[in-house]
Amino acid sequence: LKHLPVSSFNKKSSSLVTSVYYDSENLDLYHERLKRDEGSQVIRMRTYNEPPASTVFVERKVHHESWITEKSAKSRFPIKEKKLLKYLRGELKMDDKLNKLKSNNTISEKEYESTLQLATEIQNSVLTRKLQPTMTSRYERTAFQL
């Protein structure tokens, strides 16, 4: 597979990915992840393509040891960029937005519950652990087709 053709997804050969990683002043999340502590997590805000992005993905990656039945997992949910700061400050709960999506049959009851739990847990982590933007990563992602 020496020369794979570039995929032309959405008529673009690549997309800009920007991630803002959150951590405490002492870089607790970073150190927990380096030690590979069970349940260590990475919290980041991610956008795709050129800024300003109207949608931000709030993501959490959780590490699980190989002897545990759960695999390491990434979970995320979208939020409008203009509402992100209020969410991170604890001034905005996701209940209303998710209830609206559920009532419009855009998401199922199961999706509602899991997304609400995720949004609440990330918000609580940001507030209780005093997480703040710590590092930004930006790169061009190119997809290839087989």
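1. Tyrosine 30 is partly exposed, at a relative accessible area of 45% (buried is under 20%, exposed over 50%, partly exposed in between, with a 1.4 Å probe and protein chains only). Tyrosine 30 sits in helix 1, residues 28-34 (helices are DSSP runs of H or I of at least four residues, strands runs of E of at least two, numbered from the N terminus).

2. The model is predicted: local features need pLDDT of at least 70, side-chain atom pairs count only at pLDDT 80 or more, and totals for chains, interfaces and linings use all residues. Residues are numbered from 1 along each chain as its sequence is written, and side-chain values use heavy atoms, with hydrogens and water left out.

3. The protein has four helices and five strands, in the order β-α-β-β-β-α-α-α-β from the N terminus. Of its 146 residues, 31% are buried.

4. Helix 4 covers residues 109-128; its 20 residues should span 28 Å at 1.5 Å a residue, and the end C-alpha atoms are 28 Å apart, which agrees (the expected span is 1.5 Å times one less than the number of residues).

5. Which residues of helix 4 are buried? They are Tyr112, Thr115, Leu116, Leu118, Ala119, Ile122, Gln123, Ser125 and Val126. An α-helix has 3.6 residues a turn, so residues three or four places apart point the same way.

6. The buried residues of helix 4 pack against strands 2 (41-48), 3 (55-62) and 4 (73-80), and against helices 2 (81-89) and 3 (95-103) (contact means heavy atoms within 4.5 Å). Just after helix 4, lysine 130 has a positive phi of about 55°.
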